[in-house]
Amino acid sequence: RLGSARDRGRAPTKRRRRGTQGPLVVFVAFTACAPKTAPSTTRPPVNARLSPEEQLRRDLQAIFTDSAVDHAVWSVSVHSLKQGGPLYSLNASRMLTPASNQKLITSAVAAERLGWDYRYSTKIYTTGTLSEGGDLDGDLIIVSNGDPTINPRHPERWGAFDAWAKELYAKGLRRVGGNLIGDDNAFAEPGYGFGWAWDDLVTGYGAAVGALQYNENQIEIMILPGPEAGTRAIISQSPPGGGVLLDHGVTTVAAGQPSRITVDRNPGSTMLRVSGQVAIDSPPITELAAVPNPTHFYLNALRATLE
């Protein structure tokens with residue numbers, strides 16, 4: 001190793017060999033070997049003439065351009081929660097695949113913006129008048145702002161629709177003469193994140209988000225073998241009301257054969273194609289699929305509960 005401490009910070013170059021007609025010529029460049037350590041967190045000297053925003057940009061630029069992280073690719077966008085504008089940007093539009101630790105950042109921003117005591121709200125309105133016999137001459141309107149808890153992950157909330165139906169019944173409601181309307185205007189359409197892969201949108205983890213959300217906007221597809229090899233498999237979906245038409249393409253194969261299931265749906269389509277094969281000795285196979293319209297799914301489930 002040649003060089004001095006001053007050379008640190010320049011990445012070492014590799015030996016390069018170039019073939020010629022005559023003797024072999026080897027070009028070698030020597031620099032100090034940079035230690036494999038974490039980037040320095042020491043801030044550059046504070047310049048009194050710089051604004052706090054400019055100083056922040058300077059500090060961030062030093063962190064993300066440190067030679068110790070030359071092997072990494074950063075995609076950074078820093079915004080002010082108070083002012084709402086961008087403070088620093090580096091490859092902000094470059095699409096990278098975030099890991100699950102993205103949830104930590106999302107949760108932190110939500111807590112900072114909304115507060116830890118924030119509560120989602122769902123309200124039920126009526127139009128028209130309610131007769132003495134319990135007939136509503138009008139519509140029943142459901143308005144929410146994205147409550148994500150009406151699903152089996154939250155057992156205390158999974159029965160929310162039943163609780164609402166009992167309360168409406170206690171208030172004298174027996175029949176709705178108009179429509180059941182879902183107001184989902186709290187969220188912008190179509191409910192997908194920027195940069196989501198189109199071929200992930202059929203899966204449960206790729207379901208659209210919305211103001212009215214039920215069962216995480218996904219349905220469970222269960223595939224069981226048929227009575228014998230060569231017959232169609234048995235396919236069911238739950239909860240009902242997902243708004244998909246099933247295109248059945250799964251056959252039963254002999255015991256010991258591999259089971260292979262593919263679930264596919266074109267964006268914007270209600271046709272869910274389930275294809276492949278399932279061995280006759282296979283246990284039930286479960287796949288999670290996104291519903292095409294979360295609001296319709298929500299209202300279908302609520303209508304069934306009210307009935």
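Biologist: How many bridges join strand β11 to strand β16, and what makes them a pair?

Modeller: In this predicted model, six bridges join β11 (residues 218-224) to β16 (residues 285-290), and the strands run antiparallel.

Biologist: Which sense does the pairing of β11 with strand β12 have?

Modeller: The sense is antiparallel, over five bridges, with β12 covering residues 234-238, and Ile223 has Ile235 in β12 as its bridge partner. Strands here are DSSP runs (E, at least two residues) and helices likewise (H or I, at least four), numbered from the N terminus; the protein has five helices and 16 strands.

Biologist: Why is Leu81 called partly exposed?

Modeller: Its relative accessibility is 40%, and because buried means under 20% relative accessible area and exposed over 50%, with partly exposed in between (1.4 Å probe, protein chains only), Leu81 counts as partly exposed. Leu81 lies in the loop between β3 (76-79) and β4 (86-90).

Biologist: What share of the protein is buried?

Modeller: Buried residues make up 29% of the 307 residues.

Biologist: How is the model to be read?

Modeller: Residues are numbered from 1 along each chain as its sequence is written, and side-chain values use heavy atoms, with hydrogens and water left out. Local features need pLDDT of at least 70 and side-chain atom pairs count only at pLDDT 80 or more, whereas totals for chains, interfaces and linings use all residues.

Key. Pairing = 2+ DSSP bridges.
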